[in-house]
Amino acid sequence: TWPKPEAFEAAPKPPAPPSSKREASVLFVGLACVDVVMSVDNYPTEDTCCRASSMRRCRGGNASNSAVVAQACGVEATWLGTCPRRDSMDSNFIVGDLEAGGVTAAPVFRDAVEHAPTSHIVHNTSTSSRTIVHCRGSLDELRESDLPEPDFDWAHFEGRAGNADVLREAMRRYREAGTTVSLELEKLDESLDSLEDEADVVLYSKERAERDGYRDPVKFLARKASDFSKRGQAQKIMTCAWGEHGAAACAVEGLAIMILRCGALKTNVVDTVGAGDSFNGAFVSALASGDDSGNDGALGRALRVASHVAGQKVGRVGFAGLRYPSVADCSEVWLEVAAQCGSK
């Protein structure tokens with residue numbers, strides 16, 4: 001006779017070890033701007049006029065968005081970047097919005113400038129796509145003298161071509177002081193490529209992978225891991241988000257390379273503006289706080305957390321109400337080892 005069905009039930013998993021999650025201080029360096037988001041039923045054809053179903057004005061910018069998300073995820077986030085003159089309408093708007101999200105704002109004011117960089121975003125509600133037209137205006141990037149002394153557990157830099165040399169020197173200085181440094185490489189400018197060697201953690205965009213001829217984040221990260229190893233960089237963490245198709249993360253430790261892949265959180269898509277910034281802010285937050293809850297290790301936990309938070313974001317307008325997901329919450333996001341080789 002066959003055994004009873006319960007005999008085939010899997011043995012219970014061992015209890016997850018207690019989390020070592022701690023509160024960390026993270027500096028986010030990069031853009032804060034004004035976003036004007038117009039929603040349309042269908043993307044307009046060139047040289048035509050169409051009516052927007054709604055319009056909203058909000059604070060934007062990769063680094064400032066990631067700072068707000070990281071703060072919601074439990075770290076002490078500080079944003080550093082340039083702003084127009086003190087008490088200008090745009091500066092008050094940006095600083096006020098950051099502080100409302102709990103972020104410590106450390107703006108560097110440029111007294112001769114009246115307006116912040118502005119992005120006009122066309123949000124197509126039928127496809128959930130967003131098309132961005134950005135105007136930097138006359139506000140310059142950070143200078144070397146604008147960056148404070150390293151006094152944070154972690155420093156995250158948004159790769160921007162306008163001050164790549166300043167960022168390079170700052171990243172070196174912070175790492176020499178013992179601060180963990182992460183770098184977002186979203187923009188396609190080749191002048192930013194060499195900055196990846198100065199970071200402990202690199203967060204690549206899908207567009208970067210596609211620029212280099214890749215259509216899959218795992219293969220892209222595998223190539224990057226090989227390149228870092230050849231250049232003698234024996235310690236590196238990388239990630240590459242791929243929108244609705246999930247994301248991948250890679251850890252290089254000595255001669256060992258491990259690549260994880262995860263899915264995207266299933267949700268009703270409402271607004272994709274800032275989804276990548278949300279992924280980055282949550283990923284940095286999980287790693288910076290040392291969260292290794294569950295049985296996936298610190299890298300797997302960070303990847304699942306980031307994917308879950310990005311999924312929360314696309315299900316709402318703006319960033320209000322985002323939360324750091326529990327281990328149980330993250331079970332909604334599948335995770336697998338995509339590739340593994342070598343030894344430490």
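Axes here are lines fitted to C-alpha atoms, for helices over the stretch in contact, and angles run from 0 to 180 degrees between N-to-C directions. Helices (H or I, at least four residues) and strands (E, at least two) are DSSP runs numbered from the N terminus. Welcome to a predicted model, where local features need pLDDT of at least 70, side-chain atom pairs count only at pLDDT 80 or more, and totals for chains, interfaces and linings use all residues. Residues are numbered from 1 along each chain as its sequence is written, and side-chain values use heavy atoms, leaving out hydrogens and water.

**The helix pair**
- Helix H6 (residues 275–288) packs against helix H7 (residues 297–314) at an angle of about 150°, and their axes lie 8 Å apart.
- Residues of H6 that meet H7 include Phe279 and Phe283, while Leu299 and Leu303 are among those on the H7 side.
- By class, this contact of H6 with H7 has 15 nonpolar, two polar and one charged residues (Ala, Val, Leu, Ile, Met, Phe, Trp, Tyr, Cys and Pro count as nonpolar, Asp, Glu, Lys and Arg as charged, and the others, Gly among them, as polar).

**The sheet**
- An open sheet of mixed pairing is built from 10 strands, in the order E5-E4-E1-E8-E9-E10-E11-E12-E13-E14; two strands pair if DSSP finds at least two bridges between them.
- At its edges are strand E5 (104–110) and strand E14 (335–341), each pairing on one side only.
- Strand E13 (residues 256–262) runs antiparallel to E14, joined by six bridges.
- Cys262 has Leu335 in E14 as its bridge partner.

**A helix on the sheet**
- Helix H3 (residues 164–176) packs on the sheet and touches strands E1 (25–29), E8 (154–158) and E9 (180–185); contact means heavy atoms within 4.5 Å.
- The direction of H3 makes about 170° with that of E8.
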